[in-house]
Amino acid sequence: MRNKTTAGLFALFLGWAGIHRFYLGQVGLGIFYFFMMFFGVSFVLGLIDAIMFFMMDEQQFNAKYNSKDYQGRDSNGAQRKQYGPPPTPRDRVQQHPRNPQSNREIQNPYKINGIKKYKEFDLEGAIEDFKKGLEIHPKDISLHFNIACAYSLTEQVDKAYAHLDKAVGFGFTDFEKIKTHDDLAYVRIQERFEDFQNNGYRMKTGTLSESETPEIPREKGVPQDDVLLAQLKRLAELRDRGLLSEQEFIIEKKKLTR
């Protein structure tokens, strides 16, 4: 195990030859310091390194230069935390097998696959995987939120609202995320969003579920231009109230006018 003081002394007295870098296992840097000796640069570098080592906290030194094999004990004789790269999610699951959230991730591969497809913008595939994931864990808050985002992006607004309602019902409390998440912009431009928001981001009692919600027919006799104008006006109002960013406003405006 490398010692901080030893490294500092090597850097102070033999830093011009890069000895301290060889001591720390940094062979490439050691060779570089050796060749820089002929230009007078390594003398200055060695002095700087020496000051750095002497001022460095011992735990920082061990974390950086003894990460693979440092175990050690603290001043009270207790076993000190091992340094090194943090465990992977799979490692954490193995270390804490009773963690219900970790077990849920392992038992629900559809959630993982759905998120991957979602990031690749395969929204239909993501929705199908999220549905299957909810069959396994129907009360998974993040699954309900993610599928609501996917439904919003595919303009299936009734289903998006239904799953946001379920997410909140099961304990979702990050309401600021509902108000600002880019993928929920289509949900926020709907006229019903204000009522949804005022009701604690829940659907009002008696509201039809996603499977019962009928298609709302376009009102007969209303010119298409008037409908478009009303929708654009609604977009502008939401932007002015801060419920839509300028970028979201532009995106949704393009969808309406395409």
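1. Just after helix 8, Phe121 takes a positive phi of about 65°. Helices here are DSSP runs of H or I with at least four residues, and strands are runs of E with at least two, both numbered from the N terminus. Phe121 belongs to the loop between helix 8 and helix 9, and its positive phi occurs in a residue other than glycine. With a relative accessibility of 57%, Phe121 counts as exposed. The burial terms rest on relative accessible area, calculated with a 1.4 Å probe on protein chains only: buried is under 20%, exposed is over 50%, and partly exposed is in between.

2. On the basis of the note: this is a predicted model, in which local features need pLDDT of at least 70 and side-chain atom pairs count only at pLDDT 80 or more, while totals for chains, interfaces and linings use all residues. Residues are numbered from 1 along each chain as its sequence is written, and side-chain values use heavy atoms, with hydrogens and water left out.

3. The protein chain contains 16 helices and 0 strands. Of its 258 residues, 33% are buried. When contacts between residues at least 6 apart in sequence are considered, 52% join residues at least 24 apart. Contact means heavy atoms within 4.5 Å.

4. Two packed helices are described by the angle between their axes and the distance between the axes. The axes are lines fitted to C-alpha atoms, for helices over the stretch in contact, and the angles run from 0 to 180 degrees between N-to-C directions. Angles under 35 degrees count as roughly parallel, those over 145 as roughly antiparallel, those from 65 to 115 as roughly perpendicular, and the rest as oblique.

5. Helix 8 (residues 109–119) and helix 9 (residues 123–136) have axes that come within 8 Å and cross at roughly 160°. The two helices are therefore roughly antiparallel to each other. Helix 8 passes helix 9 in a left-handed crossing; a crossing is left-handed if the near helix is turned anticlockwise from the far one by less than a right angle, and right-handed if clockwise. In helix 8 the contact involves Tyr110, Lys111, Asn113, Gly114, Ile115, Lys117 and Tyr118. These meet Leu123, Gly125, Ala126, Asp129, Phe130, Lys132, Gly133 and Ile136 in helix 9. The residues of this contact divide into 7 nonpolar, 4 polar and 4 charged. Here Ala, Val, Leu, Ile, Met, Phe, Trp, Tyr, Cys and Pro count as nonpolar, Asp, Glu, Lys and Arg as charged, and the others, Gly among them, as polar.

6. Helix 8 also meets helix 10 (residues 141–153), their axes coming within 11 Å and crossing at roughly 30°. Helix 8 and helix 10 are therefore roughly parallel to each other, and the crossing is left-handed. From helix 8, Lys111, Ile115 and Tyr118 meet Ser142, Leu143, Asn146, Cys149, Ala150 and Leu153 of helix 10. This contact comprises 6 nonpolar, 2 polar and 1 charged residues.

7. Which residues of helix 8 are buried? They include Lys111, Gly114 and Tyr118. These cover an arc of only 65° around the axis, which puts them on the same side of helix 8; the arc is that of the directions from the helix axis to the C-beta atoms. On the other side of helix 8, Lys116 and Lys119 are exposed.

8. Phe32, Tyr33 and Met36 of helix 3 make the contact with Val41, Ser42, Leu45, Gly46 and Asp49 of helix 4. By class, the residues of this contact are 5 nonpolar, 2 polar and 1 charged. Phe38, in the loop between helix 3 and helix 4, is exposed, with a relative accessible area of 58%.

9. Gly15 lies in the loop between helix 1 (4–14) and helix 2 (19–23). At 0% relative accessibility, Gly15 counts as buried. Leaving aside neighbours within four places in sequence, Gly15 is in contact with Phe10, His20, Tyr33, Ser42 and Gly46. Its C-alpha atom is separated by 6.9 Å from that of Leu47, 32 residues apart along the chain.

10. Tyr201 has a positive phi of about 60°, although it is not a glycine. Tyr201 is placed in the loop between helix 14 (193–198) and helix 15 (224–240). Tyr201 is buried, with a relative accessible area of 6%, whereas Phe121 is exposed.
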